[in-house]
Amino acid sequence: MGNCLHGDVKGGKQAIGGVQQRPTSTTAVANNAALNDAVDFFFRSRGQYPLFSQIELTLSASNLIDCDITSKSDPMAVMYLMKKDGKLEEIGRTEVILNSLNPSWIEKITVSFQFEVVQTLVFHVYDVDTRFHNAPVKTLKLKDQDFLGEATCVLSEIMTRPNRTVSLSLTCNNNRHLGTLSVLAEETTASKTVADINFRCVNLDNKDLFSKSDPFLRISRIVESNAAVPICRTEVVDNNLNPIWRPVCLTMQQFGSKDTPLVIECFDFNTSGNHELIGRTEKSVAELERLSLQKEAANFVYPSLSHGRNKVLKGQLIVDRFVEKVQYSFLDYISSGFELNLMVAVDFTASNGDPRTPSSLHYIDPSGRSNSYQQAIMEVGEVIQFYDSDKRFPAWGFGGRTSNGIVSHAFNLNGASYGDEVVGVEGIMAAYASALRNVALAGPTLFSHVVDKAANIASQSLSQNSPKYYVLLIITDGVLTDMAGTVDALVRASDLPLSVLIVGVGNTDFKQMEMLDADNGRRLESSTGRIATRDIVQFVPMKDIHSGQVSVVQALLEELPGQFLSYVRSRNINPLGAPAI
Amino acid sequence: MSRKIQITGISAEDLVYNKRPVKKNAVVAFGMAGNNWKHLMRTSVDETGGDYPVWEDKLETEFSSGKELPTVMYVEVSCRSSGEDKRVGTARVPVKDFTGEYAPEGFLHCLSYRLWDEYGKRNGIVNFSVRIVPTKSDLKSGLRPFWLR
């Protein structure tokens, strides 16, 4: 039977939904609550107190069109908010489900429900092309995928239904009926409890013909309408009837309460996407805790087709370890006294163009219009300086020839020989303007010197008694000359309380920067064989912000709370004054 | 006067032995190059972890500050099966990565290194943390710095 190996089988076997808890895990905490915390705090501080509550949407679809020839579509859903001018702002995406015309996505999309505003949600469903299967969902370019259909609804319409679910028809230009999309809305609770669980099974039934089953678990939560909302999936263990999975970390947001019934299903993975059910069991989190304490096992049952009794199987689910912990949020740390400190580095390489010509990225317009660098400094600086306590920032330039004729890759922007600090965003702007007059653009583009300087400052602060976390903002127009040297410097700095935020101006291809951002999950490796302890880079192209697709605040603050949390959590550092876990 | 080094073998990822992912019983050992250390410090065996073992074992060793510290530490991940230890991969860690050049002494360095197998091919990543325990005289001057945990 030809079900040819379709696309990204390896990607399809990975775990989804649980929060990563490895001490040296470099994936940023995939926790929407952290992002909204930081953005929320920023707006509230400016007196903008929106009345809203956070809503989590779970999506599923049925009867999608089949776009692939030899197998079924691989659908992914993207959700947008329609703004006043009709433009669509992307809010979030689900994951890609392989080979299914009736997908139930696990990844939830969070949106703020504002009572007094009409929020029109637009959903687009895409069939993700095979060649993109290995890429993280965030980086997929939608115009390269096959469009499967669109649905629209108003958020308040979902919220006012009794079971908070709505079914929408998917349509395209010619209004054909392309399937149905179901949306379930639930309020998010900012709870800090997480449960770290180690699952394994014994004596599972063999569902494969020539080898053993490839089992994985899918955990779903039962909501009021008796529907099951999937919350997470373990990775697939090949060829094993007694599998042991990596620990699953569930937040209380995901499992509801300790007594909410969860359905744990064990499937045999098939590359065709038709995973065969091996068995299921219903346990609440409290019952799982009891199983681990009393070292008991739960038998799987196989639901019977007729109205007879379910068949009790030999296969059993065992909970090896159950740990309940408290996870503090980014704001918990900041409000307890952790300081963020900003440092700025500006690109003075010749690729920007002669500052005297109007086409240069460094052109200072006499009419007062800001150039790309000034815009980036102001927009980014305003957001981050909000979190900086003393508003004194070290500011450097790189790639320029200073007055003594030498090209420096980390010269003081303020032109002073004694210190590199400026005061406030205005200070950065003034230093930038005066540096343009005194420094000649040269090259090449190297980040390693400024990264080393920032790492030096961060490591010196370790000996002081107040906890400081540093953010280095690099504004650049272009392509790195020395990728290896930069990677080496970043890997050396990856163990320190430092994040590097790279903002790209101009229209170059920033593919190198995206590699440094390590969003594809590949940790940076230095030339000495050392691997980055964590992902400390975030890259934001200015043109994405200006085209209105992403808001400035959201783009910048997206990874920062996660990187900060990965540092403090891996070292078991709590907010000041908080009780030890 | 002797100083203590605390090493915690945390975990390893993507271990492959004989072209197949390691099934179980992985162990990691740390040893300094040179004459000072003949013996290796070993963690306990992770029986269930498979190709993603987790140890979280704290190991301690001492060295006297009179002699020179060796320049390289070797980290070896092996797989224990049928009584003997089969080497899966080794990493070569320059000791100056954790002796105070990039951070003050006493700082907990969380490090990750590429593992190389005996054919010189990449074979996974090992994660561990190292810390040189500050002596009492270092601590006497004021409160213990915050970040040095």
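The model is predicted, and the values below are computed from its atoms. Chain A contains 14 helices and 27 strands, whereas chain B contains one helix and 10 strands.

**Chains as a whole**

- Of the 581 residues in chain A, 54% count as buried, and in chain B, which has 149 residues, buried residues make up 51%.
- When contacts in chain A between residues at least 6 apart in sequence are considered, 72% of them join residues at least 24 apart.
- In chain B, residues 24 or more positions apart account for 61% of the contacts with a separation of 6 or more.
- Read from the N terminus, the elements of chain B follow the order β-β-β-β-β-β-β-β-β-β-α, with one helix and 10 strands in the chain.

**Helices α7 and α8 of chain A**

- Two packed helices are described by the angle between their axes and the distance between the axes.
- The axes of helix α7 (residues 372-385) and helix α8 (residues 424-438) of chain A come within 9 Å of each other and cross at roughly 155°.
- Because an angle over 145 degrees counts as roughly antiparallel, α7(A) and α8(A) are therefore described as roughly antiparallel to each other.
- The crossing in which α7(A) passes α8(A) is right-handed.
- On the α7(A) side the contact is made by A:Tyr373, A:Gln374, A:Ile377, A:Met378, A:Gly381, A:Glu382 and A:Gln385, and on the α8(A) side by A:Gly424, A:Val425, A:Ile428, A:Met429 and A:Tyr432.
- Sorted by class, the residues in the contact of α7(A) with α8(A) are seven nonpolar, four polar and one charged.

**Helices α9 and α10 of chain A**

- The axis of α9(A) and that of helix α10 (residues 483-493) of chain A come within 8 Å and cross at roughly 10°.
- Because angles under 35 degrees count as roughly parallel, this crossing makes α9(A) roughly parallel to α10(A).
- The residues making the contact are A:Ser448, A:Val451, A:Asp452 and A:Ala455 of α9(A), together with A:Gly485, A:Thr486, A:Ala489, A:Leu490, A:Arg492 and A:Ala493 of α10(A).
- By class, the contact of α9(A) with α10(A) has five nonpolar, three polar and two charged residues.

**A four-stranded sheet in chain A**

- Strands of a sheet pair through backbone hydrogen bonds, either parallel or antiparallel.
- One open sheet of chain A has four strands in the order β3-β2-β5-β6, and the pairing is antiparallel.
- The edges of this sheet are formed by β3 (88-93) and β6 (146-154) of chain A, each of which has a single partner strand, so one side of each is left without a neighbour in the sheet.
- Averaged over the sheet and with direction ignored, neighbouring strands are turned by 25° against each other.
- Strand β5 (residues 120-127) of chain A pairs with β6(A) in the antiparallel sense over eight bridges, and A:Thr120 stands opposite A:Val154 in β6(A).

**Backbone details**

- Most residues other than glycine have a negative phi, and most peptide bonds are trans.
- The peptide bond joining A:Gly443 and A:Pro444 is cis, with omega about -10°, and A:Pro444 lies in the loop between β23 (440-441) and α9 (448-461) of chain A.
- A:Asn572, a residue other than glycine, has a positive phi near 55° and lies in the segment after α14 (560-570) of chain A.
- Because residues over 50% relative accessible area count as exposed, A:Asn572, at 60% relative accessibility, is classed as exposed.
- B:Asp14 also has a positive phi, about 55°, although it is not a glycine, and B:Asp14 is found in the loop between β1 (2-13) and β2 (16-17) of chain B.
- At 47% relative accessibility, B:Asp14 counts as partly exposed.

**A residue pair involving helix α14 of chain A**

- A:Ser566 is found in helix α14 of chain A, and with a relative accessible area of 13% A:Ser566 is buried.
- A:Ser566 and A:Asp535 are 31 residues apart in sequence, while their C-alpha to C-alpha separation in space is 9.0 Å.

Conventions:
Residues are numbered from 1 along each chain as its sequence is written. Chains are lettered from A and ligands numbered from 1 in the order in which they are written. This is a predicted model: local features need pLDDT of at least 70, side-chain atom pairs count only at pLDDT 80 or more; totals for chains, interfaces and linings use all residues. Side-chain values use heavy atoms; hydrogens and water are left out. Axes are lines fitted to C-alpha atoms, for helices over the stretch in contact, and angles run from 0 to 180 degrees between N-to-C directions. Helices (H or I, at least four residues) and strands (E, at least two) are DSSP runs, numbered from the N terminus. Angles under 35 degrees count as roughly parallel, over 145 as roughly antiparallel, 65 to 115 as roughly perpendicular and the rest as oblique. A crossing is left-handed if the near helix is turned anticlockwise from the far one by less than a right angle, and right-handed if clockwise. Contact means heavy atoms within 4.5 Å. Ala, Val, Leu, Ile, Met, Phe, Trp, Tyr, Cys and Pro count as nonpolar, Asp, Glu, Lys and Arg as charged, and the others, Gly among them, as polar. Two strands pair if DSSP finds at least two bridges between them. Buried means under 20% relative accessible area, exposed over 50%, partly exposed in between (1.4 Å probe, protein chains only).
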